[in-house]
Amino acid sequence: MTHADTQDRHAARMARETRIGTTTLSERSDMALVSLGVKRGAQVPVPMGVSLPGPGNWHGGRGLGAFWTGPGQWMLEAENVSEADMTRNLRHGMPGLSISAQGASRVMLELVACDASTIEDLIIRLTDLDVASFAPGSARSARIGGAEIFAIRRSFNRLALLVPRHDSGHIWQVVNRAMVARAAAPRCVANALEPAL
């Protein structure tokens, strides 16, 4: 491996963050991402105490989260846990399931605003999702900048975007431009934020 390769890998691991007006966009490098597959007809488990939600939903709390990605498939997320440890624990506790770390191929970006209207305006600007049916606790597939992503409405003022790693730079720019366009809109007074998970 060359010195340039080492620098590139180090740069790729550094979390990005930018703030425009009252909205912050950050890369959640502190989060482990692991996919979980259950065979058809098998009992749906409760990994790490997280209830696996149905289509279109996200469950989270105490630094853990899960959302449905397809029939018999979910994405699990955990704060401040390595993917290797999370994968090992899941394999030990739930043999026979399909479990794989996703951090090498996916990036979690998160938008935090001061109010619901800012997040909802960004959802409209960035995706084709119906804001009226995309309430907190929702997770849906969508497209941003031509890339297929998963959007997770963590709370009224938090929106997470699970994006392909190879598209993350482009999507970051698209989201950043939407934030700039939104910055001139009225800003809220309070900044009461809810926990990320």
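Visitor: Is Arg153 buried or exposed?
Guide: Its relative accessible area is 2%. Buried means under 20% relative accessible area, exposed over 50%, and partly exposed in between (1.4 Å probe, protein chains only). At 2%, therefore, Arg153 counts as buried.

Visitor: Which pLDDT cut-offs apply to this predicted model?
Guide: Residues are numbered from 1 along each chain as its sequence is written, and side-chain values use heavy atoms, with hydrogens and water left out. This is a predicted model, in which totals for chains, interfaces and linings use all residues, while local features need pLDDT of at least 70 and side-chain atom pairs count only at pLDDT 80 or more.

Visitor: What is the place of Arg153?
Guide: Helices (H or I, at least four residues) and strands (E, at least two) are DSSP runs, numbered from the N terminus. By that numbering, the place of Arg153 is in strand β10.

Visitor: Which residues beyond four places in sequence does Arg153 touch?
Guide: Contact means heavy atoms within 4.5 Å. Arg153 touches Ala116, Ile119, Glu120 and Ile123, among others. The list also includes Phe134, Ala135, Pro136, Gly137 and Ser138.

Visitor: With which residue does Arg153 form a salt bridge?
Guide: A salt bridge is a side-chain nitrogen of Lys or Arg within 4 Å of a carboxyl oxygen of Asp or Glu. For Arg153, the closest N and O atoms are 3.4 Å apart. The pair links distant parts of the chain, 33 residues apart: β10 (residues 147–155) and helix α3 (residues 116–126). The partner, in α3, is Glu120.

Visitor: How accessible is Glu120?
Guide: Arg153 is buried at 2%. Glu120 counts as partly exposed, because its relative accessibility is 28%.

Visitor: How many salt bridges does a search of the whole structure find?
Guide: Arg153 and Glu120 form one of them. The search of the whole structure finds twelve.

Visitor: How far apart in sequence are the parts that Arg158 and Glu110 tie together?
Guide: These two form a salt bridge, with the closest N and O atoms 3.2 Å apart. Arg158 lies in β11 (residues 158–164) and Glu110 in β8 (residues 106–112), so the pair joins parts separated in sequence by 48 residues.

Visitor: Are Arg158 and Glu110 buried or exposed?
Guide: Both belong to a network of salt bridges. As for accessibility, both residues are buried.

Visitor: Which residues are linked in that network of salt bridges?
Guide: Arg158 and Glu110 form a salt bridge with a closest N to O separation of 3.2 Å. The network links Arg28, Asp30, Glu77, Glu79, Glu110, Arg154 and Arg158.

Visitor: Which residue forms a salt bridge with Arg182?
Guide: The closest N and O atoms are 3.8 Å apart. Arg182 lies in α4 (residues 168–182) and its partner in α3, so the pair ties together parts 61 residues apart in sequence. Arg182 counts as buried at 12% relative accessibility. The partner is Asp121.

Visitor: What is the centre-to-centre distance of the aromatic pair Phe67 and Phe150?
Guide: Rings of Phe, Tyr and Trp (its six-membered ring) pair if their centres lie within 6.5 Å; planes under 30 degrees apart count as stacked, over 60 as edge-to-face and the rest as tilted. The search of the whole structure finds one aromatic pair. Phe67 and Phe150 are tilted, with 50 degrees between the planes and a centre-to-centre distance of 5.7 Å.

Visitor: How far apart in sequence are the parts tied together by Phe67 and Phe150?
Guide: Phe67 and Phe150 are both buried. Phe67 lies in β5 (residues 64–70) and Phe150 in β10, so the parts tied together are separated in sequence by 83 residues.

Visitor: How wide an arc do the buried residues of α2 cover?
Guide: In α2 (residues 83–93), Glu83, Met86, Thr87 and Leu90 are buried. They sit on the same side of α2, because their arc around the axis is only 95 degrees. The arc is taken from the directions from the helix axis to the C-beta atoms. Its value is 95 degrees.

Visitor: Against which strands do the buried residues of α2 pack?
Guide: The face turned away from the buried side carries the exposed residues Asn89, His92 and Gly93. The buried residues pack against β3 (31–37), β6 (73–79) and β7 (98–101).
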